[in-house]
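Trainee: Please take one topic, the packing of helices, and go through it closely. I would like one connected account.

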Amino acid sequence: MALQDATAAPPHSYAIIMHINICSHNLWLDGLPRTSRAAQFVLSDSMKILNAMPPYNLFGVENPDFKDAMIAVLPIPYDSTVTYKSGSRDGPHAIIDASRNMEMYSEEFDGDVTQLGIYTLEEMAPNLNSPEENINMIQKEVSNILDNGKIPVILGGEHTVMVGAVRAVAAREKDMSVLHFDAHSDYRDSYSGSKFNHACVMARAREACPSCFSVGIRSTDEVAARKYGKDMLYRKDMHKMSLDDVVDTIVNRTKDNLYITIDMDVMDPSEMPSLGTPEPDGLSFYELTYILRGVLSKKKLLGIDFNELCPIPGMIAPNYLVAKLVYMALGYAFFAKK
Ligand SMILES: [Mn+2]
């Protein structure tokens with residue numbers, strides 16, 4: 001829907017639908033994010049109902065001046081290469097919406113993550129010409145975030161959103177690892193005729209960053225297992241380890257600078273059912289946050305993405321879980337003692 005249509009005093013009943021569907025083809029002007037068109041809606045007379053609600057930003061906080069922000073959040077509603085159940089394009093909205101209803105103090109690290117300065121960019125309108133073009137566009141957007149000195153937090157969307165982000169981060173930092181949480185190894189060279197299918201993301205990430213380590217894997221193909229098994233911590237082996245052993249293994253196998261990619265299907269479907277490709281015997285929220293806390297207290301976070309949330313209509317708990325996971329991960333990265 002075009003902006004000029006949207007500002008023509010629409011009825012409140014579909015105001016919110018428009019609010020979430022507005023995507024930009026160009027988020028940046030002169031190297032800075034353009035003024036949010038969503039914010040303009042909030043200010044318009046016809047949209048006063050939205051004034052009573054938290055802003056449509058991650059954690060429901062007003063965007064700071066971009067120059068003061070430490071973290072830039074990029075929502076990418078894209079799921080065009082999925083092979084089983086689609087719907088992760090609705091993930092970013094579900095995460096942001098749930099995050100607007102969270103408590104902003106954490107007793108765990110005695111702090112408020114929003115004080116770090118979190119700027120939520122407009123949703124990136126996916127490039128639907130091809131997955132490769134979309135990945136190139138993400139790389140450009142994340143490069144802009146990095147050039148401005150911000151830490152990118154990407155909300156997917158399907159897992160391919162990670163490839164563009166890793167390319168952008170790895171172009172600026174050679175001494176880094178990709179830490180990958182997933183049920184699936186995602187190391188196929190191509191799938192469904194494409195090298196940019198979501199089953200190939202780690203094969204592509206590895207081309208940009210040779211140091212990769214995968215955690216929670218319980219679904220892989222034989223070729224990937226033979227070739228990359230040494231860089232995977234299988235779920236079957238995690239069962240024999242303490243969580244502290246898991247943390248130590250990850251810390252020892254990765255470099256000090258980390259890009260973290262979290263496919264939500266690393267979690268158990270009983271706790272995280274909103275998935276396109278669920279696998280039994282996954283991690284609990286407690287296990288995942290314990291591992292993240294241990295690792296992030298010792299490493300530097302260069303960027304992170306949360307992907308493959310495939311919301312189930314009417315079921316809000318999994319959406320809220322991801323919002324909380326984003327909050328906790330940022331807290332561990334920037335409040336936990338190094
Ligand atoms: Mn997966």
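Mentor: Of the contacts in the protein chain with a separation of 6 or more, 75% join residues 24 or more positions apart; a contact means C-beta atoms, placed from the backbone, within 7 Å. The model is predicted, so local features need pLDDT of at least 70 and side-chain atom pairs 80 or more, while totals for chains, interfaces and linings use all residues. Residues are numbered from 1 along each chain as its sequence is written. The protein chain has 12 helices and 10 strands (DSSP runs, H or I of at least four residues and E of at least two, numbered from the N terminus).

Two packed helices are described by the angle and the distance between their axes. Take helix 5 (residues 131–147) and helix 6 (residues 161–170): their axes come within 7 Å and cross at roughly 45 degrees (lines fitted to C-alpha atoms over the stretch in contact, with angles from 0 to 180 degrees between N-to-C directions). On the helix 5 side the contact includes Ile 135, Ile 138, Val 142 and Leu 146. Helix 6 contributes, among others, Val 161, Ala 165, Arg 167 and Val 169. By class, this contact has nine nonpolar, four polar and one charged residues (nonpolar: Ala, Val, Leu, Ile, Met, Phe, Trp, Tyr, Cys, Pro; charged: Asp, Glu, Lys, Arg; polar: the others, Gly among them).

Now helix 10 (residues 243–253) and helix 11 (residues 285–296), whose axes come within 9 Å and cross at roughly 45 degrees. These two helices are therefore oblique to each other, and their crossing is right-handed. Leu 243, Val 246, Val 247, Ile 250 and Val 251 of helix 10 meet Glu 287, Tyr 290, Ile 291, Gly 294 and Val 295 of helix 11. Those residues comprise eight nonpolar, one polar and one charged.

Finally, the interior. Of the 338 residues in the protein chain, 48% are buried (20 or more other C-beta atoms within 10 Å of their own). The largest nonpolar core has 93 residues (buried Ala, Val, Leu, Ile, Met, Phe, Trp, Tyr and Cys, joined through C-beta atoms within 7 Å). Helix 12 (residues 317–335) supplies the largest share of this core, 11 residues. Val 73, Ile 95, Val 326 and Ala 329 have the most contacts inside the core. Apart from its neighbours within four places in sequence, Ala 329 is in contact with Leu 292, Leu 296 and Ile 304.

Key: A residue is buried if 20 or more other C-beta atoms lie within 10 Å of its own, exposed if 12 or fewer, and partly exposed in between; C-beta atoms are placed from the backbone. Two residues are in contact if their C-beta atoms, placed from the backbone, lie within 7 Å. Angles under 35 degrees count as roughly parallel, over 145 as roughly antiparallel, 65 to 115 as roughly perpendicular and the rest as oblique. A crossing is left-handed if the near helix is turned anticlockwise from the far one by less than a right angle, and right-handed if clockwise.
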